[in-house]
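Open the model in your viewer and keep the selection tool at hand. The tour goes stop by stop, with something to select at each.

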Amino acid sequence: MTEIETQRSADWLAGAGLRPTRQRMTLAGLLIGDGQDRHVTAESLFDAASHAGEKVSLATVYNTLRAFCDAGLMREITVDGSKSYFDTNMTDHPHFYWEDDASLTDAPADQLEITRVPQAPNGAEIASVDVVIRLRRK
């Protein structure tokens, strides 16, 4: 990692009150080191770490992604009830799910209008509304 990427990663973790362990710094660098938002799976992040020559187990990647989500640094988007993607963009926005290659990308939030959602049942409140638009190439 460059000095800028290292500092960006350290600041990202510190902003959430997370200790900058070697594994967290490595994964944070891959996720936000260049300042770009990412949609990753645990497996794709593990592969990126391996290709970068970093020693980290898949279990550590899963645990670290969970810690990042719990700290409010990322959010988990589940597709088909089983495939989880992790998004570094914490603004409210919809997603495109590309069925052909099982990838997730941001969709333009300014083009989405939700005029009404069903009322939550008694004793519950709506925590969030996730919009995933499934696409396939022609």
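**Stop 1: Cys69**

Select Cys69, which sits in helix α4. Elements here are DSSP runs numbered from the N terminus: helices are H or I of at least four residues, strands are E of at least two. This is a predicted model, where local features need pLDDT of at least 70, side-chain atom pairs count only at pLDDT 80 or more, and totals for chains, interfaces and linings use all residues. Residues are numbered from 1 along each chain as its sequence is written, and side-chain values use heavy atoms, with hydrogens and water left out.

Is Cys69 buried or exposed? Cys69 counts as buried, at 15% relative accessibility. The classes are buried under 20% relative accessible area, exposed over 50%, and partly exposed in between, with a 1.4 Å probe and protein chains only. Now show its contacts, meaning heavy atoms within 4.5 Å. Leaving aside neighbours within four places in sequence, Cys69 touches Met74, Arg75, Glu76 and Phe86.

**Stop 2**

Select β1, β3 and β2. These 3 strands form an open sheet in the order β1-β3-β2, with antiparallel pairing. The edge strands are β1 and β2 (75-79), each pairing on one side only. Two strands pair if DSSP finds at least two bridges between them. Between β1 and β3 there are 2 bridges. Zoom in on His39: Asp87 in β3 stands opposite.

Move on to Thr41, in the loop between β1 and α3. Thr41 is buried, at a relative accessible area of 8%. Which residues does Thr41 contact, leaving aside its neighbours within four places in sequence? They are Lys83, Ser84 and Tyr85.

**Stop 3**

Select residues 42-51, helix α3, and colour Ala42, Leu45 and Ala49, which are buried. They cover an arc of only 65° around the axis, which puts them on the same side of α3. The arc is that of the directions from the helix axis to the C-beta atoms. Show what covers these buried residues: the cover includes α2 (22-32), β1 (39-40), α4 (58-70) and β3 (83-87). Just after α3, pick Gly53, which takes a positive phi of about 80°.

Next, select α2. Its buried residues are Met25, Thr26, Leu27, Ala28, Gly29, Leu31 and Ile32. Their cover includes α1 (3-15), β1, α3 and α4.

**Stop 4: salt bridges**

How many salt bridges does a search of the whole structure find? The count is 6. A salt bridge is a side-chain nitrogen of Lys or Arg within 4 Å of a carboxyl oxygen of Asp or Glu.

Start with Asp34 and Arg38, whose closest N and O atoms are 2.6 Å apart. Asp34 is partly exposed at 38% relative accessibility. Arg38 is partly exposed too, with a relative accessible area of 24%.

Go to Arg66 and Glu76, a salt bridge at 3.0 Å, N to O. Arg66 lies in helix α4 and Glu76 in strand β2, so the pair ties together parts that are 10 residues apart in sequence. Arg66 is partly exposed, at 36% relative accessible area. Glu76 is partly exposed, at 30%.

Now select Asp92 and Arg75. Their closest N and O atoms are 4.0 Å apart, and the two form a salt bridge. This pair links distant parts of the chain, 17 residues apart: Asp92 is in the loop between β3 and β4 (95-98), Arg75 in strand β2. Asp92 is exposed, with a relative accessible area of 71%. Arg75 counts as buried, at 17% relative accessibility.

Finish this stop with Asp80, Glu99, Arg134 and Arg136: salt bridges that share partners join them into one network.

**Stop 5: a nonpolar patch**

Switch to a surface view. Select Leu112, Ile114, Val117, Ile126 and Val129, which form a nonpolar patch with about 390 Å² of accessible area together. Patch residues have over 30% relative accessible area and no salt bridge; like charges are joined within 9 Å, nonpolar side chains (Val, Leu, Ile, Met, Phe, Trp, Tyr) within 5 Å. Accessible areas come from the Shrake-Rupley method with a 1.4 Å probe, and for residues only the protein chains shown count as cover.

End on Val129, in the loop between β5 (103-106) and β6 (132-135). Val129 is partly exposed, with a relative accessible area of 45%.
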